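User: I would like to go through this model and ask what each label rests on. Please set the values against the definitions.

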Amino acid sequence: MRKKLMSILLGAAMCMSLLAGCGNSAGNSQTTDAGSTADSTAQTEGTQPDASDETGDTAEAQDAASSGEKITLQFWNVFTGSDGDILRGIVDNYNKTNTDNIEIQMDIMPNDQLQQKLPAAIATGTAPDFVLFGVENLAPYVSNDSLEDISDFWEVTGVDKSNILENVLELSHVDGKLYGTPMQYNVSYLYWNKDLFEAAGLDPEKAPATLEELAEYAEKLTDPSKNQYGLALPTSVTYMQFLWANGGDADDPATNTNLLDSEENLATLTWLQDLMVNKKVSPENITGPEADTMLQAGQIAMYMSGPWQINGLREQGINFGIAPCVAGSAGAFSPAGGCSYVIPKGTEESHRLAAYKFMQYWLTDDILKEWSQKNGFPVWSKTLMEDPEIQNDEVLNSISKATEIGRSYNLGYSLASQIDNDVMIPMFEKVMTGAATPEDALKEASEAMDKVLAQ
Amino acid sequence: MINNKGKRKRYEAQNQKSAYLFILPSMVVLSVFVFIPLIASFVISITDMNIFMKDVQFVGTANFTKLFADKRVTNATFNSLYFTILEVPLQIGLALLLTVCLAKNNKYSKLLRSIYYLPFVCSMTAIGIVWSMLLDPNMGLVAYWLKQAGIDTIAFLKDPDFAMPTVIVVTAWKGFGYTLTLLAAAVLNISQSLYEAAEMDGAGSFHKFIHITIPGIWPTISFCIVTSTISAMQMFDQAYVMTQGGPLNRTETVVQYIYDRGFQTAPYDLGYASAISVYLFVIVAVITFVLRKFILSRGEDADV
């Protein structure tokens, strides 16, 4: 009976994540994506108040506070999950307290919907004043001349850019020009369920550190009779951390070269296929949101994902740990990602300056601290890192170690999404389902890569 | 005489003018949502245009050359045909079978017909989500039951070989109630005297079905075949919701690939996506033409 009830509950939870899942598909392609941020936490969706409810009294308060002409900013973003509630709280608070008579009207939508609407809106001059999305989207917009170059941001606002970690700031640049200001930064971590580790006779405080350990632990933690899996490896995701760990890579965006066809990659893919097909440590063909749900239900012992898992795991009372992605012969790496505030082309000057003000507000340590503490996102403001509260936060501490190994995978490269969807994801899927031998899958992917790079 | 004729012409012309006025509202709607997009997609298909709509260039047939070399187009075409060839007969066969039992005007038949009609009124998205929940190998109810019964779990939507058949069965399950309603209405319209005459000639219920019922409802059957074939060739939502085209692109249909090229994969190549749309348009047009010709001629024979 209990099991039945459980399966119904799980079904309902899965339904929620699928609901979110259909709103997001481009987002699934990268674990470090803003889209999946939104997805994985979508369970609490629907509790947020409507933007229009809030704006009425705010407007009055502002009229009294300031005599300058009122500026209303349209703001689109992809934060459909519980992190969206926190963002809305911050924006509402800004609307109430700012002295520049600025009112921000926020519009939240799933990532793929935003990606459909925004280009057309920019082309027809009906775009919002500023937008918040994953940095992997920057390059296609820049190459189509659809975003404002905001290199003058530091000069205009007086924000000290040297206080922001270099690698985080770099994500908002394309070809050396600034197109956005950082909002959050993340890499993929290794989450592990301490209770399941203990039950399997492993040290619950020690996460695997190498590829060998990962495979060994995953095998020990898999128990088909209990529907329990050692390591969730969703398809429709790229596993750059594995390729990099052994010294392989996909491509070099700087020189447009194909780096797929290598001994290192072949070894990694062979290892991966063995793990999936022979050892069956992961449920077959699951999607990211499904893996999130199973992790929260305690059916999965280890899983690699971004910071957005933390809130869900806390809510479900899972006893979990966070470790860096595992190392191979060449070291440990993890794909980096993040979100930036950007300004669409054609935003008028006064609105652009007003948007600068909000970006500046976001970059203050108070806001960054609130965001990191509530959502478990790593801290990248140098002064904030010195903050004793941040330094004593257990989750943020384990994260900051795991964040050090962040590495850019085709960020800022206009072919990134095509490489993912047409080359890398099919390759990993074929290897992981056993539909092709690692040799054939790699060869086919390498040919597909040549085609994409030739454009 | 001449005068009279002129009058009549004027009268006819007036009559026609008001006729145009009556079709104006639907013409406006059709133009905005069908004709203009149709023509636009033909035009876009011969250009190099992305979703940003900047630097649009005329490229002639380049998109079409690319299309015929694209393995994913072949794969998607195969999947669409595979879906259509199995789904349409399944749905219509199931409906026909139940029509035999339920084409009566008693309460029981009416109730069952309404129940079978229910899934058709529901949104495909909702149905897709419910079924993928039920059929999920890790968390689903069906998998749980199968396990209790000692049967090895089939991964259904997660298994490359079972995914498409599962989508087909779910779609047929959703649609057969509609076909059933149409067919039952047609059957009820057949004159009872035909059946009585056949009985007098000593025909059994099987012969009555083959020789009276089927020919009597043939126009309705052919209507159902044509419309469900067209919608099956344009299948999108069920696979999008239940499988996202996977596993291994085994459930990716032509429409899904169009959506993927146009809106999911940068550089959001609208030109190429439109070229695939034109390709699909031609396929559907040919199939419809052939079906109509074949089925309608048979229908006329049957009428005679």
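User: How many residues of domain 1 of chain A are in contact with domain 2 of chain A?

Analyst: This is a predicted model, in which local features need pLDDT of at least 70, side-chain atom pairs count only at pLDDT 80 or more, and totals for chains, interfaces and linings use all residues. Residues are numbered from 1 along each chain as its sequence is written, while chains are lettered from A and ligands numbered from 1 in the order in which they are written. In chain A, 19 residues of domain 1 are in contact with 18 residues of domain 2; a contact is a pair of residues whose C-beta atoms, placed from the backbone, lie within 7 Å.

User: Which elements supply at least two residues of the domain 1 side in chain A?

Analyst: On the side of domain 1 of chain A that touches domain 2 of chain A, they are helix H4 (82–97), helix H6 (138–143) and strand E6 (180–187) of chain A. Helices (H or I, at least four residues) and strands (E, at least two) are DSSP runs, numbered from the N terminus. H6(A) gives the largest share of that side, four residues. By class, that side has eight nonpolar, nine polar and two charged residues. Ala, Val, Leu, Ile, Met, Phe, Trp, Tyr, Cys and Pro count as nonpolar, Asp, Glu, Lys and Arg as charged, and the others, Gly among them, as polar.

User: Where do the bounds of the two domains of chain A lie?

Analyst: Domain 1 of chain A is 40–49 + 63–187 + 337–394, and domain 2 of chain A is 188–335 + 410–453. Such bounds come from an automatic or database domain assignment. The C-alpha centres of the two domains of chain A are separated by 30 Å.

User: Why is E6(A) called largely enclosed?

Analyst: Eight of the eight residues of E6(A) are buried, so the strand is largely enclosed by the rest of the structure. A residue is buried if 20 or more other C-beta atoms lie within 10 Å of its own, exposed if 12 or fewer, and partly exposed in between, with C-beta atoms placed from the backbone.

User: Is Val452(A) buried or partly exposed, and why?

Analyst: Val452(A) counts as partly exposed because it has 17 C-beta neighbours inside 10 Å. Val452(A) lies in helix H21 (residues 438–453) of chain A. Beyond four places in sequence, the contacts of Val452(A) include Leu415(A), Ile419(A) and Val423(A).

User: Where in chain A does pLDDT stay under 50?

Analyst: It does so over residues 14–67 of chain A; pLDDT is the predictor's confidence in each residue, from 0 to 100. Where pLDDT is low, the predicted coordinates should not be read in detail. The mean pLDDT of chain A is 83, and 85% of its residues reach 70 or more.

User: How many residues does chain B bring to its contact with chain A?

Analyst: Chain B brings 30 residues and chain A brings 35 residues. The largest share of the chain B side, four residues, comes from H5(B). That side divides into 18 nonpolar, nine polar and three charged residues.

Note on methods
Two residues are in contact if their C-beta atoms, placed from the backbone, lie within 7 Å.
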